[in-house]
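Could you look over this one with me?

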Amino acid sequence: MELVFSSRVIEWRGPAPYYFVRVPGDESDDIRQVAALATYGWGVIPVEARIGEVAFKTSLFPKDGGYLLPLKDAVRKPQGLSTGDDVTVKLTVRLQS
């Protein structure tokens, strides 16, 4: 499953700050349709993502009925992304075989 969407970088402050992009509602609904085929436990969904020129593998976290895409520093910093920035994400859900 491949999706393209735009969303905003958000910050979650815990013991250390973490950055995420919230997957919009329609796309989260689409992901939920295949979640059972993709998840490897705890509701996380393995994905490949691209923001700008940076491609990376990670897992979506379920949150409040939707999903959050984590942004590691290796993704954020080269592109100068910070809280409140709008980004376009190309996302491929990796289905388990």
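The points below go through the core, then the pocket, then the loop.

1. Bear in mind that this is a predicted model.

2. I'd start with the largest nonpolar core, which has 26 residues. I31, I45, L60, L69, L71, V89 and L91 are the ones with the most contacts inside this core. Two or more residues come from each of β1, β2, α1 (25-38), β3 (45-51), β4, β5 (66-71) and β6 (86-93). As background, nonpolar side chains tend to be buried together in soluble globular proteins.

3. I31 deserves a click. Ignoring neighbours within four places in sequence, I31 is in contact with M1, L3, V23, I45, L60, Y67, L91 and V93.

4. Next, the largest pocket, at about 180 Å³ of space. What lines the largest pocket? The residues are I10, E11, W12, Y18, F20, R22, F61, K63 and L68. β1 (2-13), β2 (17-23) and β4 (54-63) each supply at least two residues of that lining.

5. Last, have a look at D64, in the loop between β4 and β5. Its phi is near 55°, a positive value in a residue other than glycine. Is D64 buried or exposed? D64 counts as exposed, because its relative accessibility is 67% and the cut-off for exposed is over 50%.

Methods. Residues numbered from 1 in each chain as written. Predicted model: local features only at pLDDT ≥ 70, side-chain atom pairs only at ≥ 80, totals over all residues. Heavy atoms only, no water. 1 Å grid on protein atoms, 1.4 Å probe; cavity = no way out; pocket = protein on both sides within 12 Å on 5 of 7 lines; lining within 4 Å. Points joined across faces, edges and corners; volume = space filled by probe spheres on them. Helix = DSSP H or I, 4+ residues; strand = E, 2+ residues; numbered from the N terminus. Core = buried A, V, L, I, M, F, W, Y, C linked by side-chain atoms within 4.5 Å. Buried < 20%, exposed > 50% of the residue type's maximum accessible area, 1.4 Å probe, protein only. Contact = heavy atoms within 4.5 Å.
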